[in-house]
Amino acid sequence: MLNNSRSQVLFNQAKQYIPGGVNSPVRAFKAVGGDPLFIKRASGAYLYDEDDNGFIDFINSWGPMILGHGNELIEAAVTEAVKSSLSFGAPTKKEVDIAELITHMVPSIDKIRMVNSGTEATMSAIRVARGYTGRDKIIKFEGCYHGHGDSFLIAAGSGAITMGSPDSPGVTKGTAKDTLLAPFNDLDKVKDLVTANPDQIASIILEPVAGNMGCVLPEPGFLQGLRDVCDQQGIVLIFDEVMTGFRLAKGGAQELYGVMPDITTLGKIIGGGMPVGAYGGKEEIMNYVSPEGPVYQAGTLSGNPIAMAAGYTMLSYLNEHDEVYQQIERSTQKIVEGIKKNLELLGLNHTINQVGSMFSLFFSSERIVDFEHAKNCDTEKFGRYFKAMLDRGVYLAPSQFETLFVSSAIGEDEINKTVDSNYEVLKLLM
Ligand SMILES: *Cc1c(COP(=O)(O)O)cnc(C)c1O
């Protein structure tokens, strides 16, 4: 068993001063039982806790650390930037550089605005979509998570499901009534909603690959079908690529699936580990953003020079190193194939969804294509699986409803150890 005594002491202290002892709910391990580990440092593929236990990291700060921890180039860029002051609140060259680079990497983006989190990016994106169309309603998909903005905390994924409060108190009925819901992958339901609300839908927003109900892929034709509906009805299609952006390809899921949104929201990898988000898209729409246009959106620390230094270095590296995407996809495939073989050997028929370097093992034998199916998984069994993997030094996301991320720091040793641990643990749980 893991010695986590220092983490336990810290967690008890933390609970006195911080709600639930954490600054973001899923970190509390509530969905899997047990207490969270307090992390002291990380290097390459490994996290180390306050008791100096090491773990292979499959969370990667929930996505950003695609190159593993302690990347020398990013650290050097940050260290250099610090020397010129931490913040100015005035325009900088770095903001021009990163904006230009992103419009190059993500061709559907003509203009982009930097913010400080994925939540801010999606909140701002729907405001622009509403300002641009003069309409109020949005369509979102059950189990998709778009941060904690009021309009999105309705059948939201990630921590919101995990906490068992998909509809958070504090979100007004007035706000909630403008968010219409459809099951992921259900194009007919979307068409019904559009027909029932003529000229009222400002935007359809989705994760093109859902990552916040576990990893759920779009069915063939789903994304293109949404694109067509939006074109016919003058609706702004928003791809929330906070998770998939710069992860599934340089140009995100939209590049992989060949469907272009009107607005893209970005976060996670874009900051290289620093708190950054962004939203961007067609020039005609982005020109509605203040001070060019009437839709107000601002940020004291937006485009922060330290964050931009980290983000620019990360994105430049990815832009110049296509082989990273091939490597992390290969590593992920090896892990997934290993787990599939384990399941076969043990006569289990759990489901694995994977695309690129994202994957989820679902404790269910059904095909998982939407939130309804994801919800039916054996989450209690997942909790025991999580803990037994942690005991063996493999740090998975502490919820059935999260995606695992493979970084380029994960090599053969980590792959083998993960697959072997998976076999031992699945056998134990049978
Ligand atoms: C993480 C995430 C967000 C929220 O980003 P924060 O930086 O946590 O506010 C929004 N959308 C998606 C798809 C995400 O994965």
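## The salt bridge between E219 and R367

The side chains of E219 and R367 meet in a salt bridge, with 2.7 Å from N to O; the term stands for a side-chain nitrogen of Lys or Arg within 4 Å of a carboxyl oxygen of Asp or Glu. Across the interface of domain 1 and domain 2 the rule finds one salt bridge.

The model is a predicted one, in which local features need pLDDT of at least 70 and side-chain atom pairs count only at pLDDT 80 or more, whereas totals for chains, interfaces and linings use all residues. Residues are numbered from 1 along each chain as its sequence is written, and side-chain values use heavy atoms, with hydrogens and water left out.

## The two domains and their interface

The domain assignment, whose bounds come from an automatic or database source, gives domain 1 as 5–70 + 323–429 and domain 2 as 72–320. The contact between them (heavy atoms within 4.5 Å) takes 36 residues from domain 1 and 37 residues from domain 2, while the C-alpha centres of the two domains lie 25 Å apart.

The size of an interface is often given as the accessible area lost when the parts come together. Here the buried area (accessible area for a 1.4 Å probe that the two parts lose on being put together, summed over both) is about 2,900 Å², and carbon and sulfur atoms give 67% of it.

Across this interface the rule also finds 11 residue pairs in polar contact, both residues being at pLDDT 80 or more; a polar contact is a pair of N or O atoms within 3.5 Å, where within protein one must be able to donate a hydrogen and the other to accept it, and residues adjacent in sequence count only if both atoms are side-chain atoms. On the side of domain 1 that touches domain 2, strand β12 gives the most, with four residues; strands here are DSSP runs of E with at least two residues, and helices are runs of H or I with at least four, numbered from the N terminus.

## A link across the sequence

The structure holds 16 salt bridges, among them the one in which the side chains of E292 and K111 meet at 3.7 Å, N to O. E292 lies in the loop between α10 (283–286) and α11 (305–320) and K111 in strand β4 (residues 111–115), so this pair ties together parts that are 181 residues apart in sequence.
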